[in-house]
Amino acid sequence: MTLQEIAEDIKGKRSLSDIDDDFLKARILEKIDKYKIDINEDFKKLKRKDRYQQFFKEVRKQLRKVYGVYRELAEPRPKSAYKEILKKIGNFSSLLDIGCGKSPLEYIEIFGKDKTYYSCDISKECIEEIDSYKKKNKVRGKTFMFNAYDNYKENLPKADVTFLFRVLESLETLKKGSSEKLFKNLNSKTILVSFSKIALGHNEEIKKKGRSWFRRMLSRNNYTFEDFDIEDEIFFLIKTK
């Protein structure tokens with residue numbers, strides 16, 4: 001029971017309240033040896049210990065980087081941004097959006113409800129809202145919880161286009177090389193990746209020629225790509241075949 005109690009304690013912060021339980025528990029288990037946390041110990045006793053407080057702070061810090069304020073857009077992307085994206089990706093019939101947040105609520109209207117949309121995220125709140133919207137508007141596709149770090153080997157839907165908007169930097173924060181593992185499990189001819197122009201945790205703008213680690217990964221795997229800016233994001237339009 002202690003593992004669940006630890007998870008609930010960490011989720012006490014509103015910005016983390018709807019995070020996927022499996023994802024959270026995996027992050028907890030990664031750090032219990034470092035802080036000598038016994039998940040079978042009485043939680044009330046465990047919580048009073050200094051090492052638990054240190055453990056608690058480190059897990060929260062990691063989750064804020066991966067899931068919290070950095071991942072969510074302060075404001076929805078303008079319609080003009082999605083219209084420009086549509087020009088770049090061209091015609092398609094199916095789209096997979098990994099780490100979608102609430103973006104599908106914005107772009108489905110612009111891209112067209114006659115297409116098939118697969119939307120996944122680790123936020124229960126986002127998934128429920130998108131699923132409700134799709135059912136109400138009779139939009140084809142599937143909406144599901146997906147943890148891109150731990151479950152990247154799971155079979156993902158085949159789609160003409162895959163979106164990875166502001167996702168990969170969070171994966172690399174957890175472990176370098178995570179993005180490449182995820183890429184190898186995608187089944188799309190076109191992948192559109194975006195990064196914020198502001199570095200995680202720093203008020204520092206990143207130039208379009210930045211993200212050298214990502215460019216090296218693309219070159220290593222012989223992907224062809226072009227990059228472009230829209231608003232405060234850097235986009236990479238990648239062709240896999």
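Are Tyr-52 and Phe-56 buried or exposed? Both of them are buried. The points below take up this pair and other features of the structure, which is a predicted model.

1. Overall make-up. The chain contains 10 helices and seven strands. It has 241 residues, and 51% of them count as buried. Of the contacts between residues at least 6 apart in sequence, 65% join residues at least 24 apart.

2. Helix H1. This helix covers residues 2-10, and because seven of its nine residues are buried, H1 is largely enclosed by the rest of the structure. The buried residues are Thr-2, Leu-3, Gln-4, Ile-6, Ala-7, Asp-9 and Ile-10.

3. H1 against H2. The two helices pack with their axes 10 Å apart, at an angle of about 105°. An angle of 65 to 115 degrees counts as roughly perpendicular, and H1 and H2 are therefore roughly perpendicular to each other. On the H1 side the contact is made by Leu-3, Gln-4, Ile-6, Ala-7 and Ile-10, and on the H2 side by Asp-21, Leu-24, Lys-25, Ile-28 and Leu-29. Sorted by class, the residues of this contact are seven nonpolar, one polar and two charged.

4. H6 against H7. Helix H6 (residues 104-111) packs on helix H7 (residues 124-137) with an angle of about 25° and an axis separation of 10 Å. That angle makes H6 roughly parallel to H7. H6 contributes Pro-104, Leu-105, Ile-108 and Glu-109 to the contact, while H7 contributes Glu-129, Ile-130, Tyr-133 and Lys-134. By class there are five nonpolar and three charged residues in the contact, and no polar ones.

5. Aromatic pairs. How many aromatic pairs does a search of the whole structure find? The search finds 23. One of them joins Tyr-35 and Phe-55 in an edge-to-face arrangement, with 6.1 Å from centre to centre and 65° between the planes. This pair links distant parts of the chain: Tyr-35 is in the loop between helix H2 (21-31) and helix H3 (43-47), and Phe-55, 20 residues apart from it, is in helix H4 (residues 50-66). Tyr-35 and Phe-55 are both buried.

6. The pair from the opening question. The ring centres of Tyr-52 and Phe-56 are 6.2 Å apart and the planes lie at 40°, so this pair is tilted. Tyr-52 and Phe-56 are four residues apart in helix H4, which means that about one helical turn separates them.

7. Leu-63. This residue also belongs to helix H4. Its relative accessibility is 1%, so Leu-63 counts as buried. Between Leu-63 and Ile-19 there are 9.4 Å in space, C-alpha to C-alpha, although they are 44 residues apart in sequence.

8. Aromatic cluster and charges over rings. Ring pairs connect Tyr-82, Phe-92, Tyr-107, Phe-111, Tyr-117, Phe-163, Phe-165, Phe-228 and Phe-235 into a cluster. Two rings of this cluster, Phe-92 and Phe-228, have a lysine over them. The charged end of Lys-88 sits over the ring of Phe-228, at 4.7 Å from its centre. Lys-115 lies over the face of Phe-92, and here the distance from the ring centre is 5.4 Å.

9. Positive phi at Lys-36. Phi of Lys-36 is near 55°, which is a positive value in a residue other than glycine. Lys-36 is placed in the loop between H2 and H3, the loop that also holds Tyr-35. With a relative accessibility of 65%, Lys-36 counts as exposed, whereas Tyr-35 is buried.

10. Positive phi at Arg-166. Arg-166 has phi near 55°, again a positive value in a residue other than glycine. Arg-166 is found in the loop between strand E4 (161-165) and helix H8 (168-174). Is Arg-166 buried or exposed? At 11% relative accessibility, Arg-166 counts as buried.

How values were computed. Residues are numbered from 1 along each chain as its sequence is written. This is a predicted model: local features need pLDDT of at least 70, side-chain atom pairs count only at pLDDT 80 or more; totals for chains, interfaces and linings use all residues. Side-chain values use heavy atoms; hydrogens and water are left out. Axes are lines fitted to C-alpha atoms, for helices over the stretch in contact, and angles run from 0 to 180 degrees between N-to-C directions. Angles under 35 degrees count as roughly parallel, over 145 as roughly antiparallel, 65 to 115 as roughly perpendicular and the rest as oblique. Contact means heavy atoms within 4.5 Å. Ala, Val, Leu, Ile, Met, Phe, Trp, Tyr, Cys and Pro count as nonpolar, Asp, Glu, Lys and Arg as charged, and the others, Gly among them, as polar. Buried means under 20% relative accessible area, exposed over 50%, partly exposed in between (1.4 Å probe, protein chains only). Rings of Phe, Tyr and Trp (its six-membered ring) pair if their centres lie within 6.5 Å; planes under 30 degrees apart count as stacked, over 60 as edge-to-face and the rest as tilted. A charge sits over a ring if NZ of Lys or CZ of Arg is within 6 Å of the ring centre and within 35 degrees of the ring normal.
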